[in-house]
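I opened this notebook page to record what I looked up, step by step, and to keep each entry tied to what can be read from the coordinates or from a database record.

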Amino acid sequence: MSARLVNRGLDALTWLVLALMLSPILWLVLSSLQTDGQLSRGAYDLLSPTFDAFTRMWQSVDFERYLLNSLIICTAAALCATAFAACAGYALARFQFRGGKALSLGVVGTQLIPGSLFLLPVFMGFVWLKQNTPIALFDTHLGMVLVYTAFFTPVAIYFMRYFFIAIPRDLEEAAMVDGCNRFGAFVKIVLPAAAPGLVATFVYAFLFAWDELLFVAALTQENAETIPIGIRNFIGNYQERTAQLMAAGVVSTLPVLIAFFATQRWLVKGITAGAVKG
Amino acid sequence: MPKRLAVAVAATALALAACGGEDNSSTDNTKAAQGEALQKGVTLTLWTMPNSPQPKEDLQKMVAPFTAKTGVKVDVQEVGWDVQFDRIRNAAVAGEGPDITQAGTTQVPFFAALGGFMDLSDRVEEIGGKAAYAEGIWNTTQVQGQEGTWAVPWFTEARSIYYRKDVLEKAGVDPATAFQDLDSFKATLQAIKDKVPDIEPFGAPGKKAYDLVHQVMPFVWDNGGAELSADAKQSTINSPESQAGVEFMGDLITSGLFDKSQLERDGTQVENQFKGGRLAVWIGGPWVLGSIDRAEDDTWSEEARANVGVAPMPTGPGGKAYTFVGGSDLMVFKNTKYPNEAWALVKFLSSDQTQIDYAKLLGMFPARLDPQQQVGDSSENHKAFFQAIQSGRTYAPIPQWGQIENAYKTRFGNILDSAAGVGTDYSAATVKSQLDAAAKEADGLLAQSAG
């Protein structure tokens with residue numbers, strides 16, 4: 001009896017925590033359906049929502065451009081980071097080679113340095129390249145993809161290495177006995193088996209890049225600006241378009257939500273697998 | 001995060017400023033501009049901040065006649081206020097940026113001191129020079145103790161008192177004398193509090209507002225105080241006169257005339273409280289005047305929209321009425337490949353008609369005297385702002401001002417908070433100790449650059 005009561009209580013607590021965590025999102029969505037006037041007076045009218053802000057946000061700020069830039073840069077960076085990490089992680093998991101340990105340590109070691117310390121050298125490097133060579137990295141998609149790839153690859157290597165260690169060697173060896181070479185076995189047998197890990201890595205890298213502001217603020221001027229920059233333009237010195245800001249918040253949360261739910265199955269597996277091994 | 005950003009970029013700027021000295025010889029702006037033909041087909045990049053409802057398109061339209069006439073194209077790029085300071089600084093020190101940028105009037109000296117901008121002294125005579133602008137506004141293009149004109153004023157704002165005509169009537173106060181001096185200002189608020197209980201008499205933003213210092217300083221000036229000594233070598237924010245000014249505002253809170261809840265809001269949010277009919281009196285800029293007739297601005301309640309009155313700021317014990325005058329200037333980057341074309345665009349944006357049209361779109365005032373006068377003549381409410389601009393005051397044009405303003409802002413915020421019952425108990429000693437701390441920080445900042 002009392003055990004049931006405790007269970008009920010825990011259930012209720014779970015719902016409470018969930019409600020608390022979802023309430024800011026609910027508030028975001030509700031506010032996006034009001035007018036600026038209602039927002040500024042706090043006189044929410046939940047019964048007569050308006051989608052006005054969702055149509056006007058595209059006109060007052062060139063949000064399409066920011067959204068597109070974010071999608072391109074984050075997808076490309078997450079893909080590159082995952083691909084590099086898969087190769088490096090496999091090598092570290094399977095092969096003994098000179099310097100392997102040092103490399104492993106070095107990869108983890110890069111995470112000890114605060115990211116913002118890289119800002120100055122990267123900024124100066126990009127500007128120097130632009131002014132002295134034809135290599136265009138400053139304010140380009142390519143530049144931002146490179147930066148985000150470089151940032152997330154070390155963590156991703158660490159992730160992937162554990163996934164590969166968890167996959168039995170017998171699987172690849174069987175494939176190699178059947179005539180596959182090492183690379184064939186990697187692509188045909190190991191990668192599919194590590195799919196949850198790949199998806200998890202990709203999604204984490206994507207989310208990281210989606211929210212990043214510090215670097216994109218310094219390394220872009222116009223062409224490669226992402227949502228974290230663009231969303232600030234709804235706030236001017238002389239006016240605040242709060243409803244549109246909220247609408248933009250909803251719109252920029254959607255791709256992330258979709259990505260998350262679409263991959264949720266693998267993501268949960270990925271997290272638990274990592275948890276057990278790590 | 002913003003703090004980390006600020007620290008990192010400050011480091012960027014320092015390092016770049018240190019190593020950027022030698023290779024800045026590229027563009028020589030002393031070349032006489034007159035008579036030189038403009039290159040057709042080139043594109044100028046212009047950075048602008050979110051000023052108007054559709055910032056980019058509005059300005060792009062505004063410069064269309066310039067392109068039609070000269071064949072010089074203009075690429076308008078929008079830079080948010082949150083990032084504009086870092087972006088402009090980075091562009092100035094790295095030499096990688098647009099041709100022209102908008103800059104807040106109080107930022108100009110800082111940017112100019114970085115060395116990435118063109119000295120426009122030889123060219124400004126073409127648009128009338130100093131004589132074409134009100135004194136306070138022209139000062140924003142200078143750096144104290146240094147030769148050179150680093151910017152051209154673009155548009156202007158000054159603060160005046162907004163009040164509700166209907167509320168004043170209910171309170172039985174004559175609008176003509178209601179805000180004449182600091183005493184009648186206070187008496188008016190008291191009358192509103194006593195006779196019109198369903199509206200808050202007055203409100204102003206607290207430490208969240210970027211412009212908190214602009215809100216407080218007019219009262220300091222009224223009382224004979226100042227932010228810095230005349231030679232800008234020392235802070236005077238803790239002088240007895242300055243303290244009296246700050247205390248005037250604190251006392252409004254303790255006597256219940258100032259709605260404390262407004263201190264949690266930023267400038268625009270308090271503005272919306274006035275527009276929504278929650279405040280009877282409020283101090284604000286001309287852009288609010290422009291939004292009265294805009295039906296799609298739904299932040300207005302019908303009562304408030306129909307009853308807006310504007311009065312000049314009250315006079316202080318010294319007999320003068322001060323107000324803050326600000327706005328934005330245009331600065332030309334030294335590294336521009338097209339100095340003549342860039343100047344031609346600045347000139348175009350300084351022509352009377354463009355000034356009036358753009359200022360109207362923004363709900364601001366033109367920066368130049370002649371068009372200013374024309375806008376001032378357009379209505380009784382506009383006239384109050386025109387007068388405010390003529391007697392407007394701004395801060396000493398020194399590179400460190402931005403940092404000093406931040407130090408003051410924190411302390412002013414603390415003082416107003418304590419008057420509202422948050423933190424230390426409010427007393428003359430509290431105010432004094434906060435202002436002493438502000439002065440100390442400011443003196444430290446002033447000494448750094450001197451050494």
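Predicted model: local features only at pLDDT ≥ 70, side-chain atom pairs only at ≥ 80, totals over all residues.

The C-alpha trace of chain A spans about 75 × 70 × 35 Å along its principal axes, and 38% of its 278 residues count as buried. I then turned to the contacts in chain A between residues at least 6 apart in sequence, of which 77% join residues at least 24 apart.

UniProt, in an unreviewed entry, lists residues 67-263 of chain A as "domain: ABC transmembrane type-1". I checked that span in the model, where it is 75% helix and 0% strand, with its end C-alpha atoms 21 Å apart.

How do the axes of α16(B) and α17(B) cross? Helix α16 (residues 352-362) and helix α17 (residues 369-376) of chain B have axes that come within 9 Å and cross at roughly 45°, and the two are therefore oblique to each other. The crossing of α16(B) past α17(B) is right-handed.

From α16(B) I listed D352(B), Q355(B), I356(B) and A359(B), which meet D370(B), P371(B), Q374(B) and V375(B) of α17(B). Sorted by class, this contact holds four nonpolar, two polar and two charged residues.

Notes: Residues numbered from 1 in each chain as written. Chains lettered and ligands numbered in written order. UniProt positions renumbered as here; feature names shortened; annotations may be inferred. Helix = DSSP H or I, 4+ residues; strand = E, 2+ residues; numbered from the N terminus. Buried ≥ 20, exposed ≤ 12 C-beta atoms within 10 Å, placed from the backbone. Contact = placed C-beta atoms within 7 Å. Axes fitted to C-alpha atoms, helices over the stretch in contact; angles between N-to-C directions. Parallel < 35°, antiparallel > 145°, perpendicular 65-115°, else oblique. Left-handed = near helix turned anticlockwise from the far one by under 90°. Nonpolar A, V, L, I, M, F, W, Y, C, P; charged D, E, K, R; others polar.
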